[in-house]
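Here is a short briefing on one protein chain, written for a reader who is new to structural terms. Please look over the sequence and the model first, and then follow the points below.

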Amino acid sequence: MNATVAMILALAVGTYAFRLVGPALHGRVELPARMQELLSAGAVVLLVALLATGALTEAGGFAGWARPAGVLVGAVLAWRRAPFAVVVLGAAVTAGVLRAVGVA
């Protein structure tokens with residue numbers, strides 16, 4: 001067994017263990033309210049950072065204005081509770097039109 005297969009197996013076992021621990025410990029471990037608030041805020045911060053990184057950068061540099069504009073349109077549509085297909089299509093059409101008219 002080479003190192004790559006061993007690492008894949010180790011990651012698979014670790015992933016399965018994380019998925020198993022949640023239901024196994026549900027109801028047995030009580031987190032304080034402050035810890036729950038911090039974990040919720042941390043999850044939001046991580047998602048916003050992922051969104052910003054994906055929307056604003058490409059190959060280590062600025063992605064141009066079309067992609068952030070598309071993300072902004074998608075965010076507004078999602079905030080207005082538009083159907084998922086409308087959100088995706090609105091963001092894609094916005095970015096596509098901006099790129100077609102020459103806005104990188």
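Of the 104 residues of the protein chain, what percentage count as buried? The share is 11%, where buried means under 20% relative accessible area, exposed means over 50%, and partly exposed is in between (1.4 Å probe, protein chains only). This is a predicted model, in which local features need pLDDT of at least 70 and side-chain atom pairs count only at pLDDT 80 or more, while totals for chains, interfaces and linings use all residues. Residues are numbered from 1 along each chain as its sequence is written, and side-chain values use heavy atoms, with hydrogens and water left out.

**Confidence**
- The mean pLDDT of the protein chain is 93, and 100% of its residues reach 70 or more; pLDDT is the predictor's confidence in each residue, from 0 to 100.
- Among the elements, strand E1 (residues 57–58) has the lowest mean pLDDT, at 89, whereas H4 has the highest, at 97.

**Overall build**
- The secondary structure consists of 4 helices and 2 strands, and from the N terminus on the elements run α-α-β-β-α-α; helices (H or I, at least four residues) and strands (E, at least two) are DSSP runs, numbered from the N terminus.
- The radius of gyration of the protein chain is 20 Å, well over the 13 Å that the globule rule gives for 104 residues, so the chain is more spread out than a compact globule; this radius is taken over C-alpha atoms, and the rule is 2.2 Å times the number of residues to the power 0.38.
- Taken along the principal axes, the C-alpha atoms fill a box of roughly 55 × 45 × 25 Å.
- Of the contacts with a separation of 6 or more, 37% are between residues 24 or more positions apart, a contact being heavy atoms within 4.5 Å.

**Surface**
- The protein chain exposes about 8,400 Å², and carbon and sulfur atoms supply 74% of this area; accessible areas come from the Shrake-Rupley method with a 1.4 Å probe, and for residues only the protein chains shown count as cover.
- A nonpolar patch on the surface is formed by Leu-56, Phe-62, Trp-65, Val-93, Val-97, Val-101 and Val-103, with about 690 Å² of accessible area together; patches are made of residues with over 30% relative accessible area and no salt bridge, like charges being joined within 9 Å and nonpolar side chains (Val, Leu, Ile, Met, Phe, Trp, Tyr) within 5 Å.
- Val-101 lies in the segment after helix H4 (84–100) and is exposed, with a relative accessible area of 61%.

**Salt bridges**
- The whole structure holds 2 salt bridges, each being a side-chain nitrogen of Lys or Arg within 4 Å of a carboxyl oxygen of Asp or Glu.
- Arg-34 pairs with Glu-37, the closest N and O atoms being 3.7 Å apart, and both lie in helix H2 (residues 33–56), 3 residues apart, about one turn of the helix.
- Glu-58 pairs with Arg-67, the closest N and O atoms being 2.7 Å apart; Glu-58 is partly exposed at 45% relative accessible area, and Arg-67 is partly exposed at 22%.

**Backbone angles**
- Most residues other than glycine have a negative phi.
- Ala-59, although not a glycine, has a positive phi of about 55°; Ala-59 lies in the loop between E1 and strand E2 (61–62) and counts as exposed at 85% relative accessibility.
- Arg-81, also not a glycine, has a positive phi of about 65°; Arg-81 is found in the loop between helix H3 (66–79) and H4.
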